[in-house]
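User: Hey, I've just opened this one and I'm new to it. Can you walk me through it?

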Amino acid sequence: MFRSLICAVVGHRVNRNRVRHDGRDFIGHCKRCDTLMVREPDGWRRMGRDDSSSYDGTD
Ligand SMILES: [Zn+2]
């Protein structure tokens with residue numbers, strides 16, 4: 001699957017028209033590469049195991 005080089009440089013851009021709330025978190029998708037994103041107090045963060053360095057494992 002193609003990943004946008006722009007996203008790698010400047011970060012993902014969430015498509016606000018597709019943001020939804022799953023009862024706990026706001027979930028969105030990058031409008032360029034469709035990466036799943038989750039809203040956090042300091043901004044959008046990519047959802048996925050390859051970003052585990054910033055995930056503390058708590059639920
Ligand atoms: Zn992206």
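This is a predicted model: local features need pLDDT of at least 70, side-chain atom pairs count only at pLDDT 80 or more; totals for chains, interfaces and linings use all residues.

User: OK, how many helices and strands does the protein have?

Analyst: There is one helix, and there are four strands. Going along the sequence, the pattern reads α-β-β-β-β.

User: And how are the strands arranged in the sheet?

Analyst: They make an open sheet, ordered β1-β2-β3-β4, with antiparallel pairing. At the edges sit β1 (20-21) and β4 (43-46), each of which pairs on one side only.

User: How many bridges hold β1 and β2 together?

Analyst: Two bridges, in the antiparallel sense. If you want a spot to look at, find H21, which stands opposite F26 in β2. The hairpin of β1 and β2 has four residues between the strands, and G23 there has a positive phi near 105 degrees.

User: What about β2 and β3, how many bridges there?

Analyst: Strand β2, residues 26-29, pairs with β3 over three bridges, again antiparallel. Here you can look for I27, which is opposite V38 in β3.

User: How many residues lie between the strands in that hairpin of β2 and β3?

Analyst: Six, and D34 in that hairpin takes a positive phi near 70 degrees. D34 does this although it is not a glycine.

User: What else is in the loop between β2 and β3?

Analyst: C33 is one of the residues found there. C33 is partly exposed because it has 16 other C-beta atoms within 10 Å. Another thing to check is the spacing between C33 and I6: they are 27 residues apart in sequence, while their C-alpha atoms are 9.5 Å apart in space.

User: Now the last pair. How many bridges between β3 and β4?

Analyst: Four bridges, antiparallel as well. The two strands form a hairpin with two residues between them, and the partner of E40 across the bridge is G43 in β4.

User: Let's pick a residue. Where does L36 lie?

Analyst: L36 is in strand β3, which covers residues 36-40.

User: Is L36 buried or exposed, and why?

Analyst: L36 is exposed, because it has 12 C-beta neighbours inside 10 Å and a residue with 12 or fewer falls in the exposed class.

User: What does L36 touch?

Analyst: Leaving out residues up to four places away in sequence, L36 touches I27, H29, M47 and G48. I27 is also the residue that stands opposite V38 in β3.

User: How far apart are L36 and G48?

Analyst: They are twelve residues apart along the chain, and their C-alpha atoms are separated by 7.8 Å.

User: Where is G48, and is G48 buried or exposed?

Analyst: G48 lies in the segment after β4. G48 has 12 C-beta neighbours inside 10 Å, so it counts as exposed.

User: Switching topic: what share of the residues in the protein is buried?

Analyst: Buried residues make up 10% of the 59 residues.

User: And what share of the contacts joins residues 24 or more positions apart?

Analyst: 20%, counted among the contacts with a separation of 6 or more.

Terms used: Residues are numbered from 1 along each chain as its sequence is written. A residue is buried if 20 or more other C-beta atoms lie within 10 Å of its own, exposed if 12 or fewer, and partly exposed in between; C-beta atoms are placed from the backbone. Two residues are in contact if their C-beta atoms, placed from the backbone, lie within 7 Å. Two strands pair if DSSP finds at least two bridges between them.
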